Amino acid sequence: MSKLSKSFKSLRSLKSLKLLKSKPGNANGFSRMNPFGRYSLTRQFTVVMIALVAGTVFLCLLLNTIFLGQFYTWHKAKILSTSYQKVDEAARQGLLDTEEFDIEFERLCANGNLMMIIISSNYMIVHSSVSNNKAMLSHFIELIVGSSHASLIASGDGYDIVKQRDQRMESDYLVMWGTLSDGKLVMARTALESIHESSDLTNQFLFMIGGIAIVIGAVLAGVVTRRITNPILELAELSKRMSGLDFDAKYTVSRKHQNEIDFLGEQMNEMSGRLEHTISELKKANNELMLDNERKTQVDEMRKEFLSNVSHELKTPLALIQGYAEGLSECINDDATSREFYCEVIMDEADKMNQMVKKLLTLNHLEFGNETVEMERFDLTELISGVIHASDILIRQNGITVYFDARRPMYVWADEFKIEEVITNFLSNAVHYAMYEKRIEVFYTQKKDCVRVSVFNTGDGIPEDELEKVWIKFYKVDKARTREYGGSGIGLSIVKAIMDSMHRQCGVYNQDGGVEFWIELDTKNEEIVA
């Protein structure tokens, strides 16, 4: 048992091997991939695997030490019993003196590792497998007459099998003697000492194999469980990002043949897409609710203001149209050139009135809340690039250079078509007022949960006391310049109304050498307010 205890002790020491410890900073390391410490599935599964293998090896060592000797003794006794029966059968048939039995006798002794001797009734040796027949015969006679201590193991019809201790050799033997059918005596002996050597050798072999099995089992357990836990951790990270309403996160199925975890990942991807669509609808509904609350108190005031502004702004072009039309009817200047000039003035003023009415109607819809705000997620960089490209002819005609970094995408939540109108108004305003270097810059300023989009143009600044007035309908800082390019003073009011409809900020700054207009758009996947 001392060797068994040493073996078990050595097996327990294997648990101290740090088989799954990853190097610090390893991107695939256990500590980074598995934040659950000793409660992680990988560690628990590995410990269970080591315990199973170690327990199996220990059980084998225990059974080998306790029962192998008994089994070996039983097996040797069976060989002795079988050998007696074969010799007795040959004696019954009178074949002991034949050449065929000589061969069978040698086979029994060799295969069973037996020392056997057959003696006639007058103590003559008939067959023997040992060279020193006298010593063997003396040993058997001592056993028969009871001069040596022996314990009975088994007995049969005509024979006994005992376990005997050879004090001189300090070895244990199984000894069989009996009387054959023809009256002859048969005696056989086999050593039991080899079983102790076999047991020790088997224990050493089991210990080595067990240690290797524990190491291999632990490594395999770590590898197998990581193939399971890594996708689970990826799904956990995906669900965490989804709980923060980040729907760019997708589970990637890397294997050709899908399993249950891959199926779960695909279902989470589908759920992510549905949630994004649902949140878009909720944002839209949320904006409509907020606008409905404000609409009731603004309707009457806005209707009066609209009528007042229309009558004020249409008064000048109507007066011009009326005056030039009367001049034509009274033939004040009868030449063709004058008539053509009068007609051009009338058509120009009529076109300006038409554009003004369209913008006023757009502004009216926005302020009354009749315009539906479609909240969705889109790439603002792509939108701005499209507006700049559409205005390319106007930009080149005015000799202006536009700077915008279109390499980095910027995803925002807003009404894409209305933001396109805002950017168009900012860019158009910058083109008409760009002076000196004639440079326009469009750029982003990233904030915590939003992005500021700025449009800067070189030129004269806006008087500080008039900065907040530029959002007022029909207000013109430079009336002559506005009149020159046909401006109505409504564009920035539309910008303000659009941003108010989405509950976002807009503003204007005087910068060194120019003016910067800006708006802020939502980039954070914020929770929906019911």
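Guide: Here is a short tour by question and answer.

Visitor: What kind of model is this?
Guide: It is a predicted model.

Visitor: OK. How many helices and strands does the protein have?
Guide: There are 13 helices and 13 strands.

Visitor: And what share of the residues is buried?
Guide: Buried residues account for 38% of the 530 residues.

Visitor: What about contacts between residues at least 6 apart in sequence? What share joins residues at least 24 apart?
Guide: That share is 65%.

Visitor: Let's zoom in on H11. Where does it run, and how many residues has it got?
Guide: H11 covers residues 416–433, so to speak for 18 residues. From first C-alpha to last it reaches 26 Å. That is close to the 26 Å expected at 1.5 Å a residue.

Visitor: Which of its residues are buried?
Guide: In H11 they are Lys-418, Ile-419, Val-422, Ile-423, Asn-425, Phe-426, Leu-427, Asn-429, Ala-430, Val-431 and His-432.

Visitor: What caps the N-terminal end of H11?
Guide: Asp-415 does. One of its side-chain oxygens is 3.2 Å from the backbone nitrogen of Phe-417.

Visitor: Now the packing. At what angle do H9 and H11 pack?
Guide: About 45°, with the axes 10 Å apart. H9 is residues 380–390.

Visitor: Is the crossing of H9 and H11 left-handed or right-handed?
Guide: Right-handed.

Visitor: Which residues meet there?
Guide: H9 brings Leu-380, Leu-383, Ile-384, Val-387 and Ile-388. H11 brings Glu-416, Ile-419, Glu-420, Ile-423, Thr-424 and Leu-427.

Visitor: And H13? How does it pack with H11?
Guide: The angle between H11 and H13 is about 150°, and their axes are 9 Å apart. That makes the two helices roughly antiparallel, because the angle is over 145 degrees. Their crossing is left-handed.

Visitor: Which residues make that contact?
Guide: On H11, Lys-418, Ile-419, Glu-421, Val-422, Asn-425 and Phe-426. On H13, Gly-491, Leu-492, Ile-494, Val-495, Ile-498 and Met-499.

Visitor: Tell me about Met-499. Is it buried or exposed?
Guide: Met-499 is buried, at 0% relative accessibility. Its helix, H13, spans residues 491–501.

Visitor: What does Met-499 touch?
Guide: Leave aside neighbours within four places in sequence. Then Met-499 is in contact with Ile-419, Val-422, Arg-504, Gln-505, Cys-506, Ile-519, Glu-520 and Leu-521.

Visitor: How far is Met-499 from Asp-415?
Guide: They are 84 residues apart along the chain, and their C-alpha atoms are separated by 9.9 Å.

Visitor: Back to H9. Is Glu-382 buried or exposed?
Guide: Exposed, with a relative accessible area of 58%. Glu-382 sits in H9.

Visitor: How far is Glu-382 from Arg-407?
Guide: C-alpha to C-alpha, 9.4 Å in space, and 25 residues in sequence. Arg-408 is 9.5 Å from Glu-382, at 26 residues apart in sequence.

Visitor: Where is Arg-407?
Guide: In the loop between strand E8 (401–404) and strand E9 (411–414). Arg-407 counts as exposed, at 74% relative accessibility. Its side chain makes a polar contact with the side chain of Asp-405, at 3.0 Å.

Visitor: What comes in the loop between H11 and strand E10?
Guide: Tyr-436 is one of the residues there. Tyr-436 has a positive phi of about 60°, although it is not a glycine. It counts as exposed, at 58% relative accessibility.

Visitor: And Lys-438?
Guide: Lys-438 also lies in the loop between H11 and E10. It is not a glycine, yet it has a positive phi of about 50°. At 31% relative accessibility, Lys-438 is partly exposed.

Visitor: Last one. Where is Thr-190, and is it buried or exposed?
Guide: Thr-190 is in strand E6, residues 185–191. It is buried, at 1% relative accessibility. A polar atom of its side chain lies 3.2 Å from the backbone oxygen of Asn-113.

Key
Residues are numbered from 1 along each chain as its sequence is written. This is a predicted model: local features need pLDDT of at least 70, side-chain atom pairs count only at pLDDT 80 or more; totals for chains, interfaces and linings use all residues. Side-chain values use heavy atoms; hydrogens and water are left out. Helices (H or I, at least four residues) and strands (E, at least two) are DSSP runs, numbered from the N terminus. The expected span of a helix is 1.5 Å times one less than its number of residues. Buried means under 20% relative accessible area, exposed over 50%, partly exposed in between (1.4 Å probe, protein chains only). A polar contact is a pair of N or O atoms within 3.5 Å; within protein, one must be able to donate a hydrogen and the other to accept it, and residues adjacent in sequence count only if both atoms are side-chain atoms. Axes are lines fitted to C-alpha atoms, for helices over the stretch in contact, and angles run from 0 to 180 degrees between N-to-C directions. A crossing is left-handed if the near helix is turned anticlockwise from the far one by less than a right angle, and right-handed if clockwise. Contact means heavy atoms within 4.5 Å. Angles under 35 degrees count as roughly parallel, over 145 as roughly antiparallel, 65 to 115 as roughly perpendicular and the rest as oblique.
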